[in-house]
Amino acid sequence: MAARTQWNNIGIFLLAFLCLSDWSMAQISYTISEEVDKGTAVGNLAKDLNLSVQQLQATGLQITSGYIKRYFDISHESGALFVSDRIDREELCPNMVKCSLSIEAILSNPRSLHRIQVLINDINDNVPSFLEEIITIDMSESSHVGERHPLPVAHDADAGINSVKTYKLNTNEYFTLDIQSAGDRSVSAELVLQKTLDREKEAVIELTLTAFDGGKPPKTGTLQIHIHVLDVNDNPPVFSKTLYKVQVIENPNVGDLLLTLSATDLDEGVNSQIVYSFTERARLSLEDKFAINNNTGEITVKGKIDYEENQAYEIRVQARDKGTPPRSAHSKVLVEVVDVNDNAPVITVSSLMSPVKEDAEIGTAVAMVTITDKDGGRNGLTKCGVLVTGPFKLKSNYENYYSLLVDGSLDREAISMYNISIEATDEGTPALSSTAVVTIQVSDVNDNAPRFPDAHINVFVKENIPTGTTIYRLTTEDLDLNENAKSAYQLIKGTSQRAQNAALVNINSETGDIITLQTFNYEELKTFQFKVQATDSGVPPLSSNVTVNVLILDENDNNPTILAPYSELGSVNSETIPYSAEAGYFVAKIRAVDADSGYNALLSYHLTEPKGNNLFRIGTSTGEIRTKRRMSDNDLKSHPLVVLVSDNGEPSLSATVSIDVVVVESTADIQTQFRNVPLKEDSFSDLNLYLLIAIVSVSVVFLLSLISLIAVRCHRTDGGFSRYSAPMITTHPDGSWSYSKATQQYDVCFSSDTLKSDVVVFPAPFPPVDAELISINGGDTFTRTQTLPNKDKVRPDLLVTLAMKQLSRNQYSKYIISLIFG
């Protein structure tokens with residue numbers, strides 16, 4: 001640079017001298033590669049000056065330059081210009097793509113000055129190199145796949161094609177390279193994580209980064225990278241931008257603020273406190289040019305910034321939190337140096353049309369832009385454009401006058417305001433530029449329909465709520481504004497079933513409240529569905545639908561119901577047990593059902609009377625009443641028991657049944673007890689009539705079946721029961737009778753005491769046979785497992801026949817007489 005300055009001063013002096021002396025001047029250009037041998041011919045200067053070899057001595061041709069070294073000389077014998085000293089392009093023109101040397105050829109007779117420019121071509125005589133041979137990078141094992149880490153830039157003193165062109169990373173399973181090129185300025189690489197790190201598996205990963213220049217063959221330089229895998233805090237800092245751009249006029253004042261970095265960390269406490277720093281010591285000595293505030297992220301001018309020295313600076317910055325271990329984020333700051341000029345262009349915006357409808361057509365004029373510059377000549381000529389690509393563009397009307405036009409589709413819901421940066425640049429040397437921001441508001445049109453949060457909405461409602469109760473409030477989201485976003489709700493009545501369901505509720509068209517029109521009963525209706533349409537108030541209106549599923553929740557509103565044989569109102573329920581009954585003797589079994597569901601239908605059985613009872617117990621879940629101990633002489637002969645059946649609802653509902661247990665001396669005295677039901681004095685009981693018909697029918701069927709059985713046994717083969725399948729006939733341990741209201745199943749069971757065996761027939765139809773069980777004591781004459789017809793209904797006569805085999809003829813006669821005559 002010093003040699004160059006010296007040459008410029010000498011050149012100016014010679015130019016002034018020649019102008020005063022009427023000397024003529026011309027320029028000649030040559031090209032030569034650097035590092036050529038001394039004596040290498042550059043060109044035939046005599047020929048280019050139209051001089052013969054004989055005229056060289058007479059003209060007094062001399063070669064002069066403003067450099068300290070004499071790089072070129074002329075042969076007076078041949079007139080050739082040759083290299084007289086070593087030429088190193090990197091020494092002469094550091095940091096410059098184009099390098100040339102200027103010398104002068106002076107002729108004294110006739111007097112003339114010829115300027116000779118020798119362009120120095122670069123050769124690949126330098127290898128890429130890194131400032132450090134080894135770097136260490138700390139990375140958390142919780143780093144996400146795709147996380148990037150910038151790597152140091154390799155520097156090559158060569159220029160153009162011989163500079164650094166690419167990077168390669170040694171083969172590994174964790175990292176790849178993302179190579180980024182900034183044109184001819186620089187090529188950088190980022191380390192990209194492609195597989196989750198595991199510190200326990202591999203704590204240190206060693207990588208080799210190789211930089212290649214563009215020479216043929218290329219030259220390389222390597223950098224060793226040691227990756228330390230650490231357990232660190234969860235979230236790294238995040239910069240607001242991956243690339244910050246800022247312009248600075250050359251020769252700014254020391255301390256001037258360039259920009260303020262901004263990074264955020266989702267962690268708390270120390271892990272969210274951020275420290276800013278530069279991450280690379282570049283050969284351009286960035287730390288001598290700029291300073292960074294570690295706490296605020298402010299980057300300020302620290303040293304002299306000269307446009308002729310460097311037109312742009314690329315600063316690599318880092319934001320690191322104070323966690324243990326710390327996490328960091330990286331970004332780049334591109335500082336462009338603007339050369340000095342007297343007057344910058346001035347941008348004037350007029351006829352601004354704002355707001356602009358979001359459905360504005362492409363080509364709609366938004367504003368008029370006028371560019372003025374007080375300078376004259378080329379410094380006053382300007383060009384103008386929009387900085388950021390977007391839905392707007394500038395169209396030139398005529399010199400320095402532009403129209404700002406819509407150049408793409410607008411969407412207020414995505415961007416409601418545009419800050420359009422317009423830049424004007426003059427053609428001075430160096431050029432100056434200025435920017436202006438035009439704010440354009442985008443107005444709304446009705447282009448978005450109301451949207452429900454979900455396509456289906458489930459509403460849970462308790463049964464028995466009062467009519468007129470608000471069970472749900474519908475809401476919609478409309479990205480439009482004002483009337484375009486105001487929704488009205490209405491029920492959609494389509495099919496007959498949907499119309500019937502919609503009649504159960506009403507909807508407030510303004511608020512979206514769903515209101516019941518009747519009380520719901522879970523036992524009658526468990527769920528129903530209807531559709532609602534939301535329509536906005538725009539022009540034209542837009543709408544959307546939602547399906548509402550209403551699910552009725554059960555409440556404990558049904559008392560338990562005692563099942564037969566203890567369910568008749570006003571009946572006297574009594575049971576007899578022998579005095580010799582052992583502890584655990586089966587007395588009776590209470591059964592009940594509840595119309596509710598879930599816990600509201602889960603029943604439990606308790607003996608509430610007599611108080612202090614120590615003789616009988618009841619199964620809480622089974623309802624079986626059994627003796628606790630043997631009888632004693634001090635015990636009463638009659639024991640009135642009250643059984644309380646409670647459900648599990650809140651509050652709990654219950655039902656009671658009274659049973660009078662009579663103790664008899666021997667089993668011979670035990671008689672089947674029948675309930676006495678008050679009869680109407682003026683009419684015969686329908687129940688007795690049904691029972692009479694049933695008993696007579698069963699008896700006839702029984703006698704016919706008995707005769708048929710005797711006849712068939714004479715011709716029966718061994719496979720007589722092969723056509724039968726379930727139900728199974730098994731021994732029931734306690735002689736209990738089980739009944740399920742849900743499936744209408746019937747079981748015929750007998751107690752271990754044959755004197756106490758009963759037959760109870762329910763009037764409901766039998767279910768399919770494959771759901772039936774018939775239990776008979778192990779001591780009965782019919783002891784083996786037998787299957788009944790699979791496809792036909794179970795025959796009541798067969799059940800009665802099996803049951804009657806347990807009764808003596810005397811007991812059967814008494815049973816028939818008691819049913820007939822009450």
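## Disulfide, surface patches and burial

The link of Cys93 and Cys99 is right-handed, with 60° about the S-S bond. Their sulfur atoms lie 1.9 Å apart, forming a disulfide (a pair of cysteine sulfur atoms within 2.5 Å). A search of the whole structure finds one disulfide. Cys93 and Cys99 are both buried (under 20% relative accessible area; exposed is over 50%, partly exposed in between, with a 1.4 Å probe and protein chains only).

This model is predicted: local features need pLDDT of at least 70, side-chain atom pairs count only at pLDDT 80 or more, and totals for chains, interfaces and linings use all residues. Residues are numbered from 1 along each chain as its sequence is written, and side-chain values use heavy atoms, without hydrogens and water.

On the surface, Asp359, Glu361, Asp411 and Asp447 gather in a patch of negative charge. Patch residues have over 30% relative accessible area and no salt bridge; like charges are joined within 9 Å, nonpolar side chains within 5 Å. A salt bridge puts a side-chain nitrogen of Lys or Arg within 4 Å of a carboxyl oxygen of Asp or Glu. Asp411 sits in the loop between strand S29 (401-406) and strand S30 (417-426) (strands are DSSP runs of at least two residues, helices of at least four).

Leu689, Tyr690 and Ile693 form a nonpolar surface patch. Together they have about 310 Å² of accessible area (Shrake-Rupley method, 1.4 Å probe). Ile693 belongs to helix H7 (residues 686-713).

| Residue | Relative accessibility | Class |
|---|---|---|
| Cys384 | 18% | buried |
| Asp411 | 33% | partly exposed |
| Ile693 | 47% | partly exposed |

Technical notes
Lys and Arg count as positive and Asp and Glu as negative; His and the chain ends are not counted. The place of a charge is taken as NZ of Lys, CZ of Arg, CG of Asp or CD of Glu.
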